[in-house]
Amino acid sequence: MSGGRASAGDTAAPTGERAAPPPKPPEEPAVCGHCGDRFADDRLLALHRGRAHREALTDAEVEAYREARTEERDDVRLFRVKALGLLLLIYFGFIYVYAFVL
Ligand SMILES: [Zn+2]
């Protein structure tokens, strides 16, 4: 895959309903030096390298992967807490509604 920015209308047409693309695409996508895949930012690239090219990483890349993985775990943990809170809110909301209606 060589570089070279294609024109904006050159992308594949979306099929069906999809989420909107990010409002600002990265100027310089992070490119994997092992397989050439492109990522929106360095954190995603570090995660990819750690998952797909674990054997071929340098010490700095391993450290970047560990950092990115820790951030990712924190994000997932925060999402789980928020999801649990919302679930409890809905659950007890229905209980109160049920209690007052009957
Ligand atoms: Zn790769």
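Biologist: What makes you say that α2 is hardly covered?
Modeller: The count of buried residues among the 43 residues of α2 is two. A residue is buried if 20 or more other C-beta atoms lie within 10 Å of its own, exposed if 12 or fewer, and partly exposed in between, with C-beta atoms placed from the backbone. For the chain, buried residues make up 5% of the 102 residues. Bear in mind that this is a predicted model, where local features need pLDDT of at least 70, side-chain atom pairs count only at pLDDT 80 or more, and totals for chains, interfaces and linings use all residues. Residues are numbered from 1 along each chain as its sequence is written.

Biologist: How do you know that the span of helix α2 agrees with what its residues should give?
Modeller: The expected span is 1.5 Å times one less than the number of residues. Helix α2 has 43 residues (59-101), so it should span 63 Å, and its end C-alpha atoms are 63 Å apart, which agrees.

Biologist: Which elements does the chain have, and what counts as one?
Modeller: There are two helices and two strands, in the order β-β-α-α along the sequence. Helices (H or I, at least four residues) and strands (E, at least two) are DSSP runs, numbered from the N terminus.

Biologist: Why is α1 called roughly perpendicular to α2?
Modeller: The axes of α1 (residues 42-52) and α2 come within 8 Å and cross at roughly 110°. That makes α1 roughly perpendicular to α2, because angles of 65 to 115 degrees count as such, under 35 as roughly parallel, over 145 as roughly antiparallel and the rest as oblique. Axes here are lines fitted to C-alpha atoms, for helices over the stretch in contact, and angles run from 0 to 180 degrees between N-to-C directions.

Biologist: Which residues of α1 and α2 meet?
Modeller: Arg43, Ala46, Leu47, Arg49 and Gly50 in α1 meet Glu61, Ala64, Tyr65, Ala68, Arg69, Glu71 and Glu72 in α2; contact means C-beta atoms, placed from the backbone, within 7 Å.

Biologist: What makes Gly33 and Glu28 count as exposed?
Modeller: Gly33, in the loop between β1 (30-31) and β2 (38-39), has 11 C-beta neighbours inside 10 Å, so it counts as exposed. Glu28, in the segment before β1, has 7 such neighbours, so Glu28 counts as exposed too.

Technical notes
Contact = placed C-beta atoms within 7 Å.
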